[in-house]
Structure formats: C-alpha cells, structure tokens
Amino acid sequence: MWTQTFGASHRGAQALPVSVEIRTERGFRFHVAGLPPGAARDAALRIRAALLASGCRWPRLSCTVNLSPAVSPAEATAFDLPIALALLAASDQLPPERIRSVCSLGELSLNGALCGHHTAYLAAPGAALEAGCSETILPATAELSGAPWLPARDLRSVLRHLRGERLLCDAAPPAVELPMRRDVDLADLTADRMTRLSLLAAAAGHHHVLILGPPGSGKSTFLRCIHGLLPPPSTKDRTAHERFRAMRGLEPAGPLHVPLRTPHPATSPEGLVGGFHGGAGLVPGELSLACGGMLCLDELAEFPRNVLEALRSPLETGEVHISRAGGIARIPARCIVGASSNPCPCGYLGEGPSRCRCSEADIAKALRRLSGPIVDRFPIHIETGLHPQDDAGLPSWLTSSREASEIVAFVRKQTEPVEAPPPTPEARELLRNLSRSLGISERGRASVLHIARTFQTIDAATGGGVFAGDDRRDLEQTALLWAAHCRIFDRTSWIEAARKRNAHRHERTRPDVPRLHS
Ligand SMILES: [Zn+2]
C-alpha cells in the first residue's frame, strides 16, 4: 500500500513543501529515506512510544518512508508528526485520503505531546499553499500569525480532528472588517485628474511609480496615498510577509496589515534586497518585507548606485535572486515600489528663473543618475509642481480613497487571475509608432500595454469615467495613448522643457551670452 502527506521546510527564504510518502509490505522493517541515519532511528523510537501512548498500535508491517526533498539534521525532529500520520494511514488507523491534503509538522514527545520550536514551522502555511493542502497542523506552541493554521497539543487531538470527532480551532483570529486606516486620503490631495488617475492605476494594476518634483510639492504624500488604496494582501503574500517578519525577529503583523516599508537612503544593498549574514543565514531585505504592500523610496537619487543596481531585477520580476556557493536563493518581493526624487540637487529645476541654483553640469549629473535602466523600470511617472492644480469637477472615485479602493479591488479581481488577450494588430502598430516617437524601450513598451489594460478596466468599473470625452470608437488605442502619456521622465523632451524653464536665469547671470529667446 502507498499513501502520502506533507511537511514543510525552508530553501533560503522560500517555503518548500516536503512530500512524506509511505509504502508498506509484509515483514517488520522500518526504514526512513530523506532523514540523516541517526535521526531516522531516533524518530522511530519517539513515534512508536507516542503512538502507543495515544491509544494507537505500531503497524505490524514493513514500512518504507520517503521524505522528498531530504530534510536537514536541524529540522529532522519536526517531521515526527507527518511520519506518524503516514504510518497510521498505512495501517488503516486513519483514512489515507484524509491526510493527503494536510501539511503538518511537530516533534513528538514519548507521551504523545507535540513540542519543539523549529524554524520550519514558519514555512508550513506557505508550503501548504504550494502543495495545494487545505489544512496546516502545527504544535500549539508555534508562534505564528497572519496565516490560517490549526494548533494541536498532542497526537490524540490531531487524530480526533482528522477522524472528524472533535475539530481543532483555527489559530488566526477571524478577519474583522475594520475601516482601513489611511494616512493620506485622496480627499486631502491637491492634484489634477491625471495625477489622481495615475495613483489609482498604480494601486489597481500593481505598477511601480516614480515621482519627480521640488521639495514640498507632496511627493511623499502621493506615495502614501497609493498605500491607502491597497487591499489587504493575498493569503500567499501574507504568509510570505509573516515568515519574513519572523526571520527578521519582528512581531507578527496580523491578517489585515498592508505592509509599508520606507528604507533610509543609507540602507545597504543587502538591507534592501536581502542577503547572507554570517551565522544568521539568509535574511530577507526591505523589498521582501514589503511583500503584498508597498516599498517607498523617498529621495531615490540619494540611494547609492550599487543599491539602485540591486533593485533592477527585483523591480521587474517581483523576486530577489541571491547567488551563493550552494546555488541561488529566491525570495519573493511582490510589492509596489514607489520612488520620489528631486529633479536636480536643489530640487527646483523647471520652477523658473529665481529658484533653481544648479549648474548645467549638476543638472546633467542628477538626471544621469535617475535616467536609463532605473527610470525604465517605473512604468508610471508623475511630475509634481509647487503650483496648486485645479481639481474642481472631479468624480467622487478620484476624490475619495474609500470609493477608489473599491475600484482597486474590482480591477484586481478582474485582471489578476486572467491572462490578458494579445493586442490587436492596430494596437501593436500604434505601440510601435509611440515607442519610436517617444523613445520608449522594449521593456517600456510592455509596461505601456499593462497600464493601458489597467486604464481600460478602471474605465469599465466607473461606467466610462476614464475616457469620458475621448474617442471611444477604439478604446484600446485610446488607452495606449493615455498609458504612453504616463511615461514622461525617459523622454528627452521632458528634460529639455525643464531646462528651458530654467534658461532665463542662466541668461541673466551671463550677460555676454546672446539672448536666443525673448
Ligand atoms: Zn536645481
């Protein structure tokens, strides 16, 4: 007879399901593959005593247990519980089909109590999701929150639960619909329609945002407003987030927490994306701690170049890859990255003759830092100014974060599980023309397409509210034009326009230069 259940382990910062399978035949041998040799013998002694103490019998059969992938010596004792369940199912003391959808871990003491503290417990909810298990059973002493799991005191209570006699209660408190705490509401902003729509599209479509503007023009406020529009993370992101918090020694955050991380420009590349720290092993960085929420990088230009370099790949893939001698560790980092920066060292580039005091060389240097590959990875660009924007006559879904967050939830439900259809030949042609005329890269082209889709879904959710007054005969093309409009900082025309607005001052300080413009 053959049957299977699941345990869990870590690979780097990733939760890994471990298959625990058992085959029985005539005879009296007991063999475990996938555990260190000494650990397998000790496990057999503990499990046998625990089974007898819990009113079960040790199978009178030859049993071969296989753990795949193999388990490290440090985590070996945590696999007592899944091995015991497999033994009971193989000897008709539990229905085999009942344990196939269970992911469990727990060290058994000789009297059948579940005990031990293992880091593998943190991986169990994530591994259960990966393996498609419907239940996660762990010792009641496991300190875990944010993901559903069933705490058990001893083997007896696990058996009663699996036989349907007395069910274990979920450890996570039921999610209560509390009013979301918003640091910044759309109602508090002074911003035009396009800026508000860009903030909404970033939250709804999971797009990274870059905001350039002078000091005091509300760049950070805009970023925090996006965070206020985000729904609570998915179960997958929440379990990953809680696991990373535990690995960094942080308190559990709870099921409705939307992560918001704001690292300082002095943060090291390892602090931002994660890395190996001596005896502590793999430590997830700020990007992973923001999983399911948002990472805000205020003053992006002040982050050292090696930190910006480290961001490039995770911004694109939503995952951090760290190379080490034993291979590559992959850490999830699915979050919206919002960055803000001054356009020049003084911050007032383009604000007119008396404000910007930077030399042409300083401006060129500052823009070079932000241009190219980094700007390319932020699909939505917003330019803020010191002058208040006219926000009269805007619809309520652009002036109330409560209404806007309902649209965000709708758009996510519509777009996330579904693969978008390919663009029509006309749309593809328009995209090619746009990228030629605006100098948008291949990567930028894909993001323009994504944002266009987000705009279209928001338009549908608001009954045609986005493209009101636009040509509605071909919405796909209209949406593409709007999406291309969201990328402004990688255009040379933007830099030239900002310089031109500064030009008057340079002419006044150098009277010998002939005036070219009146
Ligand atoms: Zn300046």
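Tutor: Start at A483. Skip its neighbours within four places in sequence, and A483 is in contact with V448, I451, A452 and F455. Keep in mind that this is a predicted model.

Now widen the view. A483 belongs to the largest nonpolar core, which has 92 residues. Three members touch the most other members there: L200, I226 and A483. In soluble globular proteins, nonpolar side chains tend to be buried together. This chain also has a second, separate core, made of 58 residues. Among its members are L114, Y121, A124 and L144.

Go back to L200. This residue sits in helix α6, where L200, A203, A204 and G205 meet a set of residues in α14. On the α14 side, the partners are A404, I407, V408, V411 and R412. Sorted by class, the contact has seven nonpolar residues, one polar and one charged.

How do the two helices lie? Helix α6 covers residues 193-205, and helix α14 covers residues 401-415. Their axes come within 8 Å and cross at roughly 40°. An angle of that kind makes α6 oblique to α14. The crossing of α6 past α14 is right-handed.

The buried residues of α2 include D80 and P82, along with L85 and L88. After α2 comes D92, which has a positive phi, near 60°.

R153 has 15 C-beta neighbours inside 10 Å, so it counts as partly exposed. Leave out residues up to four places away in sequence, and R153 touches A113, L114 and A140. One of these, L114, is a member of the second core. R153 and L138 are 15 residues apart along the chain, and their C-alpha atoms are separated by 8.7 Å.

Last, the whole chain. The protein chain has 518 residues, and 45% of them count as buried. It holds 18 helices and 18 strands. Take the contacts between residues at least 6 apart in sequence: 74% of them join residues at least 24 apart.

Note on methods: Residues numbered from 1 in each chain as written. Predicted model: local features only at pLDDT ≥ 70, side-chain atom pairs only at ≥ 80, totals over all residues. Helix = DSSP H or I, 4+ residues; strand = E, 2+ residues; numbered from the N terminus. Buried ≥ 20, exposed ≤ 12 C-beta atoms within 10 Å, placed from the backbone. Contact = placed C-beta atoms within 7 Å. Core = buried A, V, L, I, M, F, W, Y, C linked by C-beta atoms within 7 Å. Axes fitted to C-alpha atoms, helices over the stretch in contact; angles between N-to-C directions. Parallel < 35°, antiparallel > 145°, perpendicular 65-115°, else oblique. Left-handed = near helix turned anticlockwise from the far one by under 90°. Nonpolar A, V, L, I, M, F, W, Y, C, P; charged D, E, K, R; others polar.
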